[in-house]
Amino acid sequence: MTRRNLLRHSLAPAALTLVPSPGEAAPSSRVRTGLEVLAEDRFRPLNGLKVGLITNPTGALPDLTSTIEALHRAPGVKLAALFGPEHGVRGDIPAGEYVPSTVDSQTGVPVWSLYGATKTPTAEMLRGLDILVFDIQDIGARSYTYVSTLGSAMEGAAKHGIPLLVLDRPNPVGLQRVEGGPTRPGFESFVSKYPLAYRHGMTLGEVARMINGQGWLGGGRTCSLTVLPCRNLTRERNTWEDFGGLPWVPTSPHIPQPTTPHFYAATGILGELPTVSIGIGYPLPFELAGAPDIGAVSLTREMERRRLPGFAFRPHYWSPYYGAFKGQRCGGVQIYLTDPDTAPLTRLNFELADAFRTLDRNRRIFPESARMFDLACGTDAVRKAFLAGADARQLWEIFEEGREKFVSDRKRYLLYS
């Protein structure tokens, strides 16, 4: 039996019939991740296989046993290699820094970097493996690099004939709303590698299916892909609390709480500009917006005047410990999310930029180089329109171009009703 067929055979419906342990209660309505489903099946689909695991600290069971430890201990499973995304498999590498290839001190398993000189698994990295397993928690925004890591893993798996199993996890900002159009040609990067909407409203398992089905791997290749879905996940469950008690493991140093992904979508694009502080380097990452020369009360009144649904604002002052305006006293707003179901998260980036300009027409928001802002937007059209005088509504319309087609294209790849 080939490696490609091994996975298909092991994940046949009969193999995934769960047998509760003696005395174990029947599954509740709590969302169960793909890893938990696999563990409840005693990892039988991986029995006898040499596994390469792409993960980080977010790969964990509800009792906080990591995916690394779970597979390392699983009878019949050979954990043969680990692959580290941004921040590394143990989460000990700062944002943006290269992840080294090394040996995991806790298991003795080789660790290959997918955030260094290469971001795609090579033949050397995959040598001897029967299967790649992907288990990482995402936050639902295109610019978060775990989406690109997933696609790069698929590219390597497709090129070298290795099947890939994605252990699915819920999207902390929900599966209903889609915001922003796809990345436009010429603006592909590791923060916008594929033509997804900015807030795509998908799990990574669904994203993987779309990458494969839309032919985005290039060269006419497709990956031998299997997604192990979450149980009890529906598109109506839109916040982490709705998932029924899953523990939150920070996905990166600046995403400490399960609510932070909402704020990441709301200010993360704006935060690519060095002229704005969004709370990075302060205990409220992504929940603030301001600068040393902004009046906190004035900005608060301006944001209240805009009457954005699902948001509230209050004046706030802070001095970042690191990052933009380190050690300087900033004024601005603290952002409150009052209704996650109605808040147009990503639009807030452009409303804030427009509000800064409203308060000071001479204010220079964009530096000479705003490349990272353009890459996060997936286009330079937003920046150019702003500089030409477009208001927040017009900026949003430009940013949303292509959204309806994306929503239509993604339908066939959705796993949850």
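**Entry 1: confidence**

I began with the confidence values. The protein chain has a mean pLDDT of 93. I noted that 93% of its residues reach 70 or more. Over residues 8-27 the pLDDT is below 50. Beyond near neighbours in sequence, this stretch has 27 contacts in the model. I keep a rule in mind here: where pLDDT is low, predicted coordinates should not be read in detail.

**Entry 2: the sheet of 7 strands**

In what order do the strands of the open sheet of 7 strands lie? I read the order as β3-β4-β2-β1-β5-β6-β7. The pairing is mixed. A reminder to myself: strands of a sheet pair through backbone hydrogen bonds, either parallel or antiparallel.

Next I checked the edges. They are β3 (102-103) and β7 (225-228), and each pairs on one side only.

Strand β1 (residues 50-55) and strand β2 (residues 78-84) run in the parallel sense and share 5 bridges. In this pair L53 stands opposite L82 in β2.

**Entry 3: helices on that sheet**

Which strands does α5 touch? I found β1, β5 (131-135), β6 (164-167) and β7. The direction of α5 makes about 170° with that of β5. Helix α6 lies across β5, β6 and β7. It runs at about 160° to β7.

I also looked at how the two helices meet. My reminder: two packed helices are described by the angle between their axes and the distance between the axes. Helix α5 (residues 146-160) and helix α6 (residues 204-213) pack at about 45°. Their axes are 10 Å apart. I therefore call α5 and α6 oblique to each other. The crossing of α5 with α6 is right-handed.

From α5, the contact takes V147, L150, G151 and M154. From α6, it takes L204, V207, A208, I211 and N212. I sorted the residues of this contact by class: 7 are nonpolar, 2 are polar and none is charged.

**Entry 4: the sheet of 3 strands**

I moved on to an open sheet of 3 strands, in the order β8-β10-β9. Its pairing is antiparallel. β8 (288-291) and β9 (311-318) each have a single partner strand, so one side of each is left without a neighbour in the sheet. Neighbouring strands here are turned by 25° against each other on average, direction ignored.

How many bridges join β9 and β10? I found 8 bridges between β9 and strand β10 (residues 330-337), in the antiparallel sense. W318 stands opposite C330 in β10.

Helix α8 packs on this sheet and touches β8, β9 and β10. I read its direction as about 170° from that of β9.

**Entry 5: α8 with α9**

I followed α8 (residues 296-305) to α9 (residues 347-359). The two pack at about 125°, with axes 10 Å apart. That angle makes α8 oblique to α9. The crossing of α8 and α9 is right-handed.

S298, L299, E302 and M303 are the α8 residues in the contact. On the α9 side I listed L348, E351, L352, A355, F356, T358 and L359. By class, this contact of α8 with α9 has 7 nonpolar, 2 polar and 2 charged residues.

**Entry 6: α9 with α12**

What is the angle between α9 and α12? I read about 145° for α9 and helix α12 (residues 392-399). Their axes are 9 Å apart. α9 passes α12 in a right-handed crossing.

R347, F350, E351 and D354 of α9 meet A392, R393, L395, W396 and F399 of α12. By class, I noted 5 nonpolar, no polar and 4 charged residues for this contact of α9 with α12. I marked E351 in my notes: it is in the contact with α8, and E351 also meets α12.

Key: Residues numbered from 1 in each chain as written. Predicted model: local features only at pLDDT ≥ 70, side-chain atom pairs only at ≥ 80, totals over all residues. Heavy atoms only, no water. Axes fitted to C-alpha atoms, helices over the stretch in contact; angles between N-to-C directions. Helix = DSSP H or I, 4+ residues; strand = E, 2+ residues; numbered from the N terminus. Parallel < 35°, antiparallel > 145°, perpendicular 65-115°, else oblique. Left-handed = near helix turned anticlockwise from the far one by under 90°. Contact = heavy atoms within 4.5 Å. Nonpolar A, V, L, I, M, F, W, Y, C, P; charged D, E, K, R; others polar. pLDDT = per-residue confidence, 0-100. Pairing = 2+ DSSP bridges.
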